[in-house]
Amino acid sequence: MKLAFIIDPIHLLDPCHDTSVALIEAAQILGHEVWITQVNLLSVVESKAWAFLQRVEVVPVQLVERRWVAANPWYKLSDSCLTSLETMDAVFMRTDPPVNDSYLYATYILDYIDQNKTLVINSPSGIRGANEKMYALQFTKAIPETIVSADKELIRQFVEAKGAAILKPLGNKAGEGILFLQSGDRNFNSIVELSTLQGRVPVMVQTYLPEAKAGDKRIILLNGEPIGALNRLSSGTDFRNNMATGGTVAQTEITPREDEICTQVAEQLRQDGLIFVGIDVIGGYLTEVNVTSPTGIREIDRLDGTHLGHQVIQWIEQNLKSKK
């Protein structure tokens, strides 16, 4: 197969952590040709999506004393060439949030790929329609009590009724801007004013789940089926469990309740073309559905001895065979 990955600049990626690198590496090991590009290098020519692509070859990471170790340098690039994306068997949209104008315009360009010829992961329209915070709200039996609002008084009433809550900006990633709210906090007005840009932008407010102290579980779904999970634990100096905020990771298993949540979301994910997804679960409640560039593969493989990237690429192989 020929695979293209739309990623952030490759020199900024961490080969020992980034799932995009794990997928590229797996594709290469399985004998496929891998190309990379960025959102600013996409174009529409004669009503078809094109990109300036570079062929990439990576040196696989090695597990040494339970830690991934990368070569230096760990990748090699060819010269750039303008190529129709429909010459690829699959295109991965793996640019990190925020989902800003540049990101959205990239998904509009990707709409001009004929998905009967080239599989796009994840679906451009699916990504646009699946805000990673808001998307979870449709699964009412899975989520904690939640409101979305820019209204200070409505947020105040919710926090006072619950005693404590978590405020989340709707467009950030990796725990950025997430705040802990408590009834009676003298900073409440300032926190909400700053987060909502003086009442102009809505935020999500969820009841605080004390089980968060035991971790925030990331479950990786492939075409709606769970293939691996890890538990993220706070550093102790921060209530957030995200790896990007200094949190650590631990081995875990998927509980019956979490398996039930996966079943609840699976069919909708498939309908929306959201093939590679990471859901976040705390205390048996779904808190987020990550569809832009979900991560966690490197950590799960290290802890469980799995090869999730290989599973993803092999799924694509089988998917494409079934269409022929």
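The following dialogue explains how several descriptions of this predicted model are reached.

Mentor: This is a predicted model, in which local features need pLDDT of at least 70 and side-chain atom pairs count only at pLDDT 80 or more, while totals for chains, interfaces and linings use all residues. Residues are numbered from 1 along each chain as its sequence is written, and side-chain values use heavy atoms, with hydrogens and water left out.

Trainee: Why is the pair of F5 and F92 called stacked?

Mentor: Rings of Phe, Tyr and Trp (its six-membered ring) pair if their centres lie within 6.5 Å; planes under 30 degrees apart count as stacked, over 60 as edge-to-face and the rest as tilted. The structure holds five aromatic pairs. In the pair of F5 and F92, the centres are 4.4 Å apart and the planes are at 0 degrees. The distance is within 6.5 Å and the angle is under 30 degrees, so the pair is stacked.

Trainee: Which parts of the chain does this pair link?

Mentor: The pair links distant parts of the chain, with F5 in strand β1 (residues 2-6) and F92 in strand β9 (residues 90-93), 87 residues apart. Strands (E, at least two residues) and helices (H or I, at least four residues) are DSSP runs, numbered from the N terminus.

Trainee: What makes F5 count as buried?

Mentor: Buried means under 20% relative accessible area, exposed over 50%, and partly exposed in between (1.4 Å probe, protein chains only). F5 has 0% relative accessibility and therefore counts as buried. F92 counts as buried because its relative accessibility is 1%.

Trainee: Why is the pair of Y135 and F139 edge-to-face?

Mentor: The ring centres of Y135 and F139 are 5.9 Å apart and their planes are at 65 degrees, so the pair is edge-to-face. Y135 is buried because its relative accessibility is 6%, and F139 is buried with a relative accessible area of 7%.

Trainee: How do you know that the charged end of R298 sits over the ring of W68?

Mentor: A charge sits over a ring if NZ of Lys or CZ of Arg is within 6 Å of the ring centre and within 35 degrees of the ring normal. The charged end of R298 is 5.7 Å from the centre of the W68 ring, and it sits over that ring.

Trainee: Why is helix α7 described as largely enclosed by the rest of the structure?

Mentor: Six of the eight residues of α7 (residues 297-304) are buried, so the helix is largely enclosed. The buried residues are I297, R298, E299, I300, D301 and L303. After α7 comes G305, whose phi is positive, near 70 degrees.

Trainee: Why are the buried residues of α5 placed on the same side of the helix?

Mentor: In α5 (residues 188-195), the buried residues are F188, I191, V192 and S195. They cover an arc of only 90 degrees around the axis, which puts them on the same side of α5. The arc is that of the directions from the helix axis to the C-beta atoms. An α-helix has 3.6 residues a turn, so residues three or four places apart point the same way. What covers the buried residues of α5 includes α4 (152-162), β12, β13 and β14, where contact means heavy atoms within 4.5 Å.

Trainee: What makes strand β12 mostly covered?

Mentor: Six of the six residues of β12 (residues 164-169) are buried. A164, I166 and K168 point one way, whereas A165, L167 and P169 point the other way.

Trainee: How do you know that β12 pairs with β13 and β14?

Mentor: Two strands pair if DSSP finds at least two bridges between them. Four bridges join β12 to β13 (residues 179-182) in the antiparallel sense, and five bridges join β12 to β14 (residues 203-207), also antiparallel. The bridge partner of A165 in β13 is L181, while L167 stands opposite V205 in β14.

Trainee: What makes β11 and β13 the edge strands of the sheet?

Mentor: The open sheet has four strands in the order β11-β14-β12-β13, with antiparallel pairing. β11 (146-149) and β13 each pair on one side only, and they are the edge strands.
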